[in-house]
Amino acid sequence: MLNYWAENQNWAKLTPWLGFITIVMLFWTFSPVDTMFWALINIPLYLFHQTEEHYWPGGFKDYFNRVVNRLPEGDEALTDEKVFWINIILVWLAFLIFGLLCIVNIGFGLLIVIFSLMNCATHIYTGIKYREWNPGQVMASLQFIASIYGAYVITAKGISHPMTWWISSVLFSILVHAILFKFVMGKK
């Protein structure tokens, strides 16, 4: 069953629907003037980002293997299985947990925002470096702008001890991205 969802990124066929459902729930529950709205906006935006990366128009795995890693056709550092686990564990599960933790402390929303900003920055940087669109770049650019504003709102209106939350969020996001990079670059 898991092989079916991993193969050809079949899991990504759910992302536009989940993105639509979560954006409707977000607007149903919160207003854009609420700090919680800006803490959670990256959840549906990230689902739409995953749609662009892996479903429509898709192609992130191949782009990463051919352009970024310069691997010959048939060689893969990033496999369907790795794409599946990265996106289900590091995005869907982590964002669900941190989204729920926002109820306890809005600072966890800053963590979602900073993680998203780092991911968006990699897409924007890659687009500039290779002077071409990469799968996920359009949504990453829009998400980057929303994330900067979200970080401002959360910092200005939502959290106590903002410097502690910023340092913790940045360090956590760097650590996760470093582990992710090591995982992606490892053997099959």
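**A salt-bridge network and the helical packing around it**

Lysine K61 is buried, with a relative accessible area of 10%; here buried denotes under 20% relative accessible area, exposed over 50%, and partly exposed the range in between, with a 1.4 Å probe and protein chains only. The structure is a predicted model, in which local features need pLDDT of at least 70 and side-chain atom pairs count only at pLDDT 80 or more, whereas totals for chains, interfaces and linings use all residues. Residues are numbered from 1 along each chain as its sequence is written, and side-chain values use heavy atoms, with hydrogens and water left out.

Three salt bridges are present in the structure, a salt bridge being a side-chain nitrogen of Lys or Arg within 4 Å of a carboxyl oxygen of Asp or Glu. In one of them, the side chains of K61 and E76 meet at 2.9 Å, N to O. This pair links distant parts of the chain, since K61 belongs to helix α5 and E76 to the loop between α5 and α6 (80–101), 15 residues apart. E76 is partly exposed, with a relative accessible area of 24%. K61 also forms a salt bridge with D80, where the closest N and O atoms are 3.0 Å apart. D80 lies in helix α6 and K61 in helix α5, so this pair ties together parts that are 19 residues apart in sequence. Both D80 and K61 are buried. A further salt bridge joins the side chains of R66 and E73 (3.5 Å, N to O); R66 is partly exposed at 22% relative accessible area, while E73 counts as exposed at 70%. Through shared partners, salt bridges join K61, E76 and D80 into one network.

The protein as a whole has nine helices and zero strands. Helices (H or I, at least four residues) and strands (E, at least two) are DSSP runs, numbered from the N terminus. For 188 residues, a compact globule would have a radius of gyration near 16 Å, and the value for the protein, 16 Å, agrees; this radius is taken over C-alpha atoms, and the globule rule is 2.2 Å times the number of residues to the power 0.38. Along the principal axes, the C-alpha atoms fill a box of roughly 50 × 30 × 30 Å. Of the 188 residues, 46% count as buried. The accessible surface comes to about 10300 Å², of which 72% belongs to carbon and sulfur atoms; accessible areas come from the Shrake-Rupley method with a 1.4 Å probe, and for residues only the protein chains shown count as cover. Among contacts (heavy atoms within 4.5 Å) with a separation of 6 or more, residues 24 or more positions apart account for 72%.

In soluble globular proteins, nonpolar side chains tend to be buried together. A nonpolar core is a set of buried Ala, Val, Leu, Ile, Met, Phe, Trp, Tyr and Cys residues joined through side-chain atoms within 4.5 Å. The largest such core holds 22 residues, and M36, W38, A39, I41, L110, I154 and I159 touch the most other members. Helices α2 (15–29), α3 (35–40), α7 (107–130) and α8 (137–158) each supply at least two residues of this core. Apart from it lies another core, of 12 residues, including F64, L78, L180 and V184. With neighbours within four places in sequence left aside, W38 is in contact with P32, V113, A146, Y149, G150, V153 and I154.

Helix α8 has 22 residues and reaches 29 Å from its first C-alpha to its last, close to the 32 Å expected at 1.5 Å a residue; the expected span is 1.5 Å times one less than the number of residues. Its buried residues are Q137, M139, A140, Q143, A146, S147, G150, A151, V153 and I154, and what covers them includes α3, α4 (42–54), α7 and α9 (162–185). Two of these residues, Q143 and S147, are touched by S116, as are N42, Y46 and F95, not counting residues up to four places away in sequence. S116 is placed in helix α7 and is buried, at 0% relative accessibility.

Most residues other than glycine have a negative phi, and most peptide bonds are trans. The peptide bond from W56 to P57 is cis, with omega near 0°, and P57 lies in the loop between α4 and α5 (60–68). Phi is positive, near 55°, at N8, in the loop between α1 (2–6) and α2; N8 is exposed, with a relative accessible area of 58%. Phi of R131 is likewise positive, near 55°. R131 is placed in the loop between α7 and α8 and is exposed at 77% relative accessible area.
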